[in-house]
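These are my notebook entries on a single chain. I looked up its overall build, its cores, its charged pairs and its surface.

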Amino acid sequence: MTWIFENWERFWEVTEVHVRLSVVPVLIGFVLSIPLGWLASRWSTARAILFPLANILFTIPSIALIVITPVLLGVKILDEINVIVPLVVYTVALMVRSIADALSSVPGHVTAAANAMGFRPLRRFLTVDFPLALPVTIAGLRVATVSNISMVSVGALVGLGGYGQLFTEGYQTDHTEKVLAGLIGTVVLAALADGLLLLAGRLLTPWARAGR
């Protein structure tokens, strides 16, 4: 803790990087997962393809993806996209199943009522299906967000990674307080993000609380 207060500017600098490298992939991955999850919830063939593929992608070591991304995209090794792209892949791999299960859990009589009222598919999805699927979706989003915050540190291997830089610098210089500062920052950031998403979920789904 002492190191954090004595080096606040440096700690804030790596915090900004860590937040950016965590949040951007979550947002992109979440947006990409919505249509994929919808497909998986509607057609068994899509589910049979997307679920195993998502499992395979999630088992790829993050180090391997981060190292190979600049080769595949032809970007500089220190470009933040080398961390963002792998984390987008992991976010999609986690969220596709969550969104598909969430949409599949929407009661059939609710969708039937919406259809009877003349709701077109897109309108029904935006105003009925997706809002009712939010509790399960946000639960999956919480897992993906915390996972990303944890995995960002691996980016330190290519000169990025937010708090991961404190881990590598602390290890190389035998500076335990730096390593501890990175650990504290990661845990606190993950707890804050999880708490904010939990609060957002409760605010966006008041009917879920009323039902309980």
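The entries below go from the whole chain to single residues.

**Basis.** I worked from a predicted model, in which local features need pLDDT of at least 70, side-chain atom pairs count only at pLDDT 80 or more, and totals for chains, interfaces and linings use all residues. Residues are numbered from 1 along each chain as its sequence is written, and side-chain values use heavy atoms, with hydrogens and water left out.

**Overall build.** I found 10 helices and zero strands in the chain. Helices (H or I, at least four residues) and strands (E, at least two) are DSSP runs, numbered from the N terminus. The C-alpha trace spans about 65 × 40 × 20 Å along its principal axes. Of the 212 residues, 42% count as buried; buried means under 20% relative accessible area, exposed over 50%, and partly exposed in between (1.4 Å probe, protein chains only). I then looked up contacts (heavy atoms within 4.5 Å). Among those between residues at least 6 apart in sequence, 73% join residues at least 24 apart.

**Cores.** I took a nonpolar core as a set of buried Ala, Val, Leu, Ile, Met, Phe, Trp, Tyr and Cys residues joined through side-chain atoms within 4.5 Å. The largest one has 20 residues, and L21 and L87 have the most contacts inside it. Two or more residues each come from α2 (8–42), α3 (44–59), α4 and α5 (81–104), with α5 giving the most, eight residues. Another core, of 16 residues, lies apart from it and includes V26, A102, I138 and L141. Not counting residues up to four places away in sequence, L21 touches E80, V83, I84, L87, V152 and G161.

**T137.** I located T137 in helix α7 (residues 121–151). T137 is buried, with a relative accessible area of 1%. Leaving aside neighbours within four places in sequence, T137 is in contact with F30, M95, I99, A102 and F130. A polar atom of the T137 side chain lies 2.8 Å from the backbone oxygen of A133.

**Salt bridges.** I counted six salt bridges, each a side-chain nitrogen of Lys or Arg within 4 Å of a carboxyl oxygen of Asp or Glu. R10 pairs with E169, the closest N and O atoms being 2.6 Å apart. R10 lies in helix α2 and E169 in helix α8 (residues 163–172), so this pair ties together parts that are 159 residues apart in sequence. R10 is partly exposed at 22% relative accessible area, and E169 is partly exposed at 24%.

K178, in helix α9 (residues 176–204), also forms a salt bridge with E169, with closest N and O atoms 2.8 Å apart. K178 is buried, with a relative accessible area of 16%. Shared partners join R10, E169 and K178 into one network. Beyond four places in sequence, K178 is in contact with W3, L166, E169 and G170.

I also noted R47 and D101, whose side chains meet in a salt bridge (3.7 Å, N to O). R47 lies in helix α3 and D101 in helix α5, so the pair ties together parts that are 54 residues apart in sequence.

**Surface.** Which residues make the nonpolar surface patch? I recorded I68, V71, L72, L73 and I81, with a patch area of about 470 Å². Patches are made of residues with over 30% relative accessible area and no salt bridge: like charges are joined within 9 Å, nonpolar side chains (Val, Leu, Ile, Met, Phe, Trp, Tyr) within 5 Å. Accessible areas come from the Shrake-Rupley method with a 1.4 Å probe; for residues, only the protein chains shown count as cover. Helix α4 (residues 62–73) supplies the largest share of the patch, four residues. L73 lies in helix α4 and is partly exposed, with a relative accessible area of 45%.

Notes:
Polar contact = N/O pair within 3.5 Å; in protein donor to acceptor, adjacent residues only side chain to side chain.
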